Amino acid sequence: VKICVLGSSGVGKSSLVRSYVWRNFDEKKSNTYGRREEYCQFELPMGQRLLVQISDFAGGEEQKSSIWGLEGAHVYALVFDVTSAESFAQLDEWRDLLEKEIAGGGAGQRGSTSLEDRGAAGRAVKCVIGNKLDLLDRKVGREEAEAWCAKRGFEYYETTARDAGLVEDVFHSIALLVVAAFPQLVAEGVVRSAMAGGGGQM
C-alpha cells in the first residue's frame, strides 16, 4: 500500500509519520527535503498486517514545482496545522497540485482527467489530517475543516504527533478505508501476525 503525505512546511507531516512508524516524537526534527520513505505495517482484523510504504513529501514552496511520485497511491493525506489558518488555506493549493500531477501522470505533466477519476483506478482514499491538536491557540475549528473536506470528498481526522496512540487511531481508520476500497490487497499484500512487527514499525 502506498500512502502520500503532503502539506505546507512546518505542519508536522514528518512528526506524524515518525510517531506512527517509530512511536517517537522529536522536538528538534528538521524539515524534509524532497521526500522521505518509511515502511511499516497496517494491522487489520483477524491478526493480519498490510505492508505499507509512506512517502513524506517536503512542503516548501521551492519543492512544489519538482514534486513527483504521487501517481498510483492508495492514500493521499493532506496535513495542516490547526493553529495556522494559513496552512489550512493552503490545502486548496495542495489539492490542486494533486489533481494536476495525478491527471498528468506525474512529473509535472498536465492532463484532462480529474483527481476523482484517477489515482489507483479512482478508488484512492483521500483525507485531511489536522495536526497539533495539543496546542491551545487553535485557529481552525473542526466544523470548518470538516466542511472543506465534505465539499471536496475528503475524510477528516484530527490528532497530534505528540500522542502516538492518537496517531495510531488515525492510521488504523485509514487502513480500514483502504481495505474497503481495495479488497484485493488483503489477498495480495497481507502478512500474518506471526511475522515480526508492531502496530507501526516493521
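**Aromatic pairs, lysines and cysteines in a predicted model**

Lys-2 is buried, with 17% relative accessible area; buried means under 20%, exposed over 50% and partly exposed in between, using a 1.4 Å probe and protein chains only. The model is predicted: local features need pLDDT of at least 70, side-chain atom pairs count only at pLDDT 80 or more, and totals for chains, interfaces and linings use all residues. Residues are numbered from 1 along each chain as its sequence is written, and side-chain values use heavy atoms, with hydrogens and water left out.

**Lysines**

- Lys-2 belongs to strand β1 (residues 2-7); strands (E, at least two residues) and helices (H or I, at least four) are DSSP runs numbered from the N terminus.
- Leaving aside residues up to four places away in sequence, Lys-2 has contacts that include Gln-53, Ser-55, Glu-71, His-74 and Val-75, where contact means heavy atoms within 4.5 Å.
- Lys-126 places its charged end over the ring of Phe-154, 5.5 Å from the ring centre; the criterion is NZ of Lys or CZ of Arg within 6 Å of the centre and within 35 degrees of the ring normal.
- Lys-132 is in the loop between β5 (125-131) and α5 (142-152), and its relative accessibility of 22% makes Lys-132 partly exposed.
- Most residues other than glycine have a negative phi.

**Aromatic rings**

- Five aromatic pairs turn up in a search of the whole structure; rings of Phe, Tyr and Trp (its six-membered ring) pair if their centres lie within 6.5 Å, with planes under 30 degrees apart counted as stacked, over 60 as edge-to-face and the rest as tilted.
- Tyr-20 and Phe-171 are stacked, because their ring centres are 4.4 Å apart and their planes are at 15 degrees.
- This pair joins distant parts of the chain, with Tyr-20 in helix α1 (residues 13-22) and Phe-171 in helix α6 (residues 164-181), 151 residues apart.
- Tyr-20 is buried at 2% relative accessibility, and Phe-171 is buried at 4%.
- One aromatic cluster is made up of Tyr-20, Phe-42 and Phe-171.

**Cysteines**

- A disulfide is a covalent bond between the sulfur atoms of two cysteines.
- With a cut-off of 2.5 Å between cysteine sulfur atoms, the structure has zero disulfides.
- The closest cysteine sulfur to that of Cys-127 is in Cys-149, 8.5 Å away, which is too far for a bond.
- Cys-127 is buried at 0% relative accessibility.
- Cys-40 is buried at 0% relative accessibility.
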